[in-house]
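We will go from one stop to the next, with a note on what to select each time.

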Amino acid sequence: MSNSKPVLSSSLGRKLIMSLTGIFLCTFLIVHLIGNLQLFNNDAGYSFNKYAYLMTHFAPIKVVSYLLYASIILHAVYALILTLKNKAARPVAYAQYDGKANSKWNSRNMGILGTVILVFLATHMQNFWWKYHNDQVPYIEYRTDLATGETTSKELTASEFRDYQETIENNVEIIKAKDLYKQVDFAFQNIGLVILYLISMAALAFHLIHGFTSAFQTLGLSHKKYIPIIQGLGVWLFGVIIPIGFALMPLYFYFVK
Amino acid sequence: MLNSKVPAGPLTEKWSKHKFDMKLVNPANKRKFTIIVVGTGLAGASAAASLAELGYNVKTFCYQDSPRRAHSIAAQGGINAAKNYQNDGDSVYRLFYDTIKGGDYRAREANVYRLAEVSANIIDQCVAQGVPFAREYGGLLDNRSFGGAQVSRTFYARGQTGQQLLLGAYSALNRQIKKGKVKSYTRHEMLDLVKIDGHARGVITRDMVSGKIEAHEGHAVLLCTGGYGNVFFLSTNAMGCNVTAAWRAYKRGAFFANPCYTQIHPTCIPVTGDHQSKLTLMSESLRNDGRVWVPKTQEMSAKLRKGEIKPSDIKEEDRDYFLERKYPSFGNLVPRDVASRNAKEMVDDGRGVGKSGVAVFLDFKDAINRLGEDAVRARYGNLFDMYYQITDENPYQQPMRIYPAVHYTMGGVWVDYNLMTTVPGLYALGEANFSDHGANRLGASALMQGLSDGYFVIPYTVGDYLANLGNFNPVDKNHPAFEQTRSEVESRINKLLKLNGTKTVDDIHKELGHIMWEYCGMARTAEGLTKAKGLIQELRKEFWSNAKVLGENDEMNMSLEKAGRVADFLELGELMVDDALNRNESCGGHFRLESQTEEGEAKRDDANFTYVSAWEFKGDEQAATLHKEDLVFENVELTQRSYK
Amino acid sequence: MAQHMNLTLKVWRQKNDKSKGQFVTVQANDIADDMSFLEMLDIVNEDLTRKGEDPIYFDHDCREGICGMCSLVINGRPHGPKYGITTCQLHMRSFHNGQTIVIEPWRAAAFPVLKDLAVDRTAFDRIQQAGGYVNVNTGGIPDANAIPVPKRVADEAFESATCIGCGACVAACKNASAMLFVSAKISQFALLPQGQTERYERAQAMVDQMDAEGFGSCTNTGACEAECPKGIKLSNIARMNREYFSAKFFREEDVHQ
């Protein structure tokens, strides 16, 4: 038999990229959700803003975040390549095609669901990532009396802020930080954005209910002993818990705060 | 006089000795020869692959869109081999003996012995190719029993042994296609044989997509084109199965042997109406666990037919398990001809079941009670499903209705011990030849014969012929014989395309089928056969004056494809009737009402008919000439077959 | 007694592989419910022939569900509305009087239409030729029982080997992917001891050929498995992926030849 083609120029190689980037993005979602749970702390954003600073300034996490951006881009680009190739594999469409008889609609519409998620990501990054990195968020100072544990906060102006700092003076911890929490609160007062988030989380749910299990199938990891576990994770963790967890955030800020 | 070229010497040594005596072609010279293989079923694919492995250049032709679709694929039950893995007393000699006896002593001893001898190699070969035969828990091969034998020697792959064996041969063929040793032509139909100086040197084919008429040259031509059961219109054959290649060869000088030997398979799904296009067989293996019965009285059958009572309403003592009653030692596992004839007898006696009354029951109730439904499902699940799809009746809950249907043709192109026809360089393998099954084929023996011919016989015997040619010159493509034959084919096609009458080709084919089934089916008489001969001649005239053939040659033309095949069936049908008339005895699948024992069993006339009838074509609308090959039995004694 | 019905057929008619096809409406009258679908088409064709019109070309042969020659997408479903059977096993009792039935050929770039409902499936043959075999010659083979195969393994290999090569998987897949077909053959030999020697080369060669034929990529919708008349399982595709990636990433001897 002949020399085989390089793996990445094969159909299976392209699927491999989708699978690996997809699984990586799934693991990120877990971390992202756990971190963002701090939005629910009733501490004027103290823990959340500290966490936001850590995530943007701790070197190993920065490396991971670049991997993350690359994964998103690869996942989207390869999805596009595969979709175009798949379309080319059927140049004449069926006049009648009864897809529901043989497959679930989300599995047939991963591209559309993915596109919704991509649009969401752009909005999401613009609202928070871009504004955070380009000093378009408010600033805040927290003063915590270490003896009593009481925290007070006050908004800072841009000139007062200068840089993130964490100091202790006279047994009082002073933290000056970008107030991403406030930005979140502000953004989620916009009902349009809240609705976009809810739709996007629904899309994410259906995307992952198929995608997570599918990624393992592509990797060839299919064994009757652990397939039910993977399917369970795909549906309950990635299809239910994570999207609902994320969806609660805009709802919380819109209705509760 | 026909020379079968059976080598001298004791039966058990003939093949070994012959293999040594045959000339060989040196490996470097093999690549100078081209061999044409027509048909890619078990015989064709195995022959093509084996010859290509040896170094010959091979061209294969099939009418289907892939070699894998040849009708061998539909064989369900299994393949016999004298492995004696079950330690139940099997041996090469016993397989030989069962086959000769099963064929009602109308087969050539030496061929049958060779078949039994190489049977074990076939299983080895197929296993090495990765054919997934059924296995025991210990990992070794499993066997089941089959009709006409008292040992378990049948290897099987669930209910689709034919498919798995064919895919094995197809994979071997693919390997050679990849290596460039085989060139495969699919959707190609052989329409004639080209002879140069009396030797087969090529074929004329039609590309069924473009309509192109092509000439292909080769040093030998192998016909592996299956049987002619579709002469009956309704049979278990695939819709495309036809006699054209063999018939064209017959018209070019290859004798046609024992055309009247047709096998009517007992376990088929009964006909439901005029619209029916084919009959569906269910494996004989069902008779391992199913019990065949009809009600004891005509009154009860009548009530069943009208739907007044259900099969389950009939008490045990009112059921006639007629095979068990008449043949206690073989019971439901009597050979096919016996089982079929008895079913017909019951129906003729007015005890048939089903709406039409033309069926008997095959009942699994006892097997389900004994083994449990799951065990029965594991053995026959796919057959039960198939039955359910077609009839809408659940065989787990009510007995199946079965009736015999045309299934296999033991007759075919006459061949000698080397599988060569009366045209030098032209061979016939598998069902296309007449050789190994006599007047009746035992279950699970067709697969065995196809693969034996292809894997283990033809690679030796073709070499002998080629080595004796005395030169390695390529066949002259420009020889006028090619152009001559091609133009004959073209003019025949043009003649067909001009037919613009009122009857469709299918109309005529159905009429032919009715004539054949009525007069040349399970029971035959001189009177009926004589009548049939006249009817066929008339029908043939009508075909050539009143059939309707549409379209052009240079397109995919279903109408033309059918017309060419039916035209040949209309000629073959008459020869079958001639042969059946000539054979004034009953043997195996050929049952002449004039010749039966007091108990109604087939009665042979060994004094007058222990021969192979080989017919020579003498010209259109002229009587064929009968040649006889005397069958010499040196090893087995001819007795009245008894399965009691 | 058999019920009779009248039907309206919308059939794809195309003169040859070069011409453009279109749907043509044909009436099928007085069809008995115990006819098979192909027998219904036979009747339609007999009527057309009597009228001097070109009969509808469709592929079929054994008419007992095993040769794999018949095809047809019927009302948007490969092999029609029932699961687990081929078109030739479909009976008219699955339809009702007055129904309109849309009949199309398999649609895939790799399966060009030859005429009407018949397509060219030789791509499947070429994939098999690329490696769907064990390299053994006729003769010189050890005794069949010298290679014991555990029953479980033999049974599973058999399940994969039951593929009839009809192409319904390609027809059903929204991407016109042939991966179920290819993986079934790769699986059969990956499972059996006879296939071990060339196991990894085979996977690469067959996948390469599959890609070269222009089939799409699997997105794990499961449509192929649902529509396969022989119930070939999706786990075969996982096995194929495993074989292929093992060959590419863990089997140096096969990669550097």
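How many residues does the contact take from chain C, and how many from chain A? The contact takes 44 residues from chain C and 38 residues from chain A; two residues are in contact if their C-beta atoms, placed from the backbone, lie within 7 Å.

Before going further, a word on the model and its labels. This is a predicted model, in which local features need pLDDT of at least 70 and side-chain atom pairs count only at pLDDT 80 or more, while totals for chains, interfaces and linings use all residues. Residues are numbered from 1 along each chain as its sequence is written, and chains are lettered from A and ligands numbered from 1 in the order in which they are written.

**Stop 1: the chain C side of the contact**

Select strand E5 (100-104), helix H6 (199-212), helix H7 (223-227) and helix H8 (235-250) of chain C: these are the elements that give two or more residues to the side of chain C that touches chain A. Helices (H or I, at least four residues) and strands (E, at least two) are DSSP runs, numbered from the N terminus. H8(C) gives the most to this side, with 9 residues. Colour the side of chain C that touches chain A by class and you will find 18 nonpolar, 15 polar and 11 charged residues. Here Ala, Val, Leu, Ile, Met, Phe, Trp, Tyr, Cys and Pro count as nonpolar, Asp, Glu, Lys and Arg as charged, and the others, Gly among them, as polar.

**Stop 2: the two domains of chain A**

Now select residues 4-136 + 180-255 of chain A for domain 1, and 139-178 for domain 2. These bounds come from an automatic or database domain assignment. The domain centres, taken over C-alpha atoms, are 35 Å apart. Their contact takes 10 residues from domain 1 of chain A and 8 residues from domain 2 of chain A. On the domain 1 side, the elements giving two or more residues are helix H2 (46-57) and helix H7 (180-187) of chain A, and H2(A) gives the most, with 4 residues. That domain 1 side divides into 5 nonpolar, 2 polar and 3 charged residues.

**Stop 3: chain B as a whole**

Which chains share the most contacts? Of the 2 pairs of chains in contact, it is chains B and C. No contact joins chain A and chain B, whose closest C-alpha atoms lie 10 Å apart.

Of the 644 residues of chain B, 61% count as buried, that is, with 20 or more other C-beta atoms (placed from the backbone) within 10 Å of their own.

**Stop 4: a sheet of 3 strands**

Still in chain B, pick out the open antiparallel sheet with the order E6-E7-E8; strands pair if DSSP finds at least two bridges between them. Strand E6 (188-196) and strand E8 (213-217) of chain B are at the edges, each with a single partner strand, so one side of each has no neighbour in the sheet.

- E6(B) and strand E7 (residues 199-207) of chain B pair over 8 bridges; click Lys195(B) to find its bridge partner, Ala200(B).
- E7(B) and E8(B) are joined by 5 bridges, with Val203(B) partnered by His216(B).
- The hairpin of E7(B) and E8(B) has 5 residues between the strands, and Gly211(B) in the turn has a positive phi of about 80°.

**Stop 5: a covered helix**

Is helix H7 (residues 244-251) of chain B mostly covered or mostly uncovered? It is mostly covered, with 7 of its 8 residues buried, among them Trp247(B), Arg248(B) and Tyr250(B).

**Stop 6: a sheet of 5 strands**

Finish with the open antiparallel sheet of chain B in the order E11-E15-E14-E12-E13. Strand E14 (residues 360-363) and strand E15 (residues 400-409) of chain B are joined by 3 bridges, and Phe361(B) stands opposite Arg401(B) in E15(B).

Notes. Buried ≥ 20, exposed ≤ 12 C-beta atoms within 10 Å, placed from the backbone.
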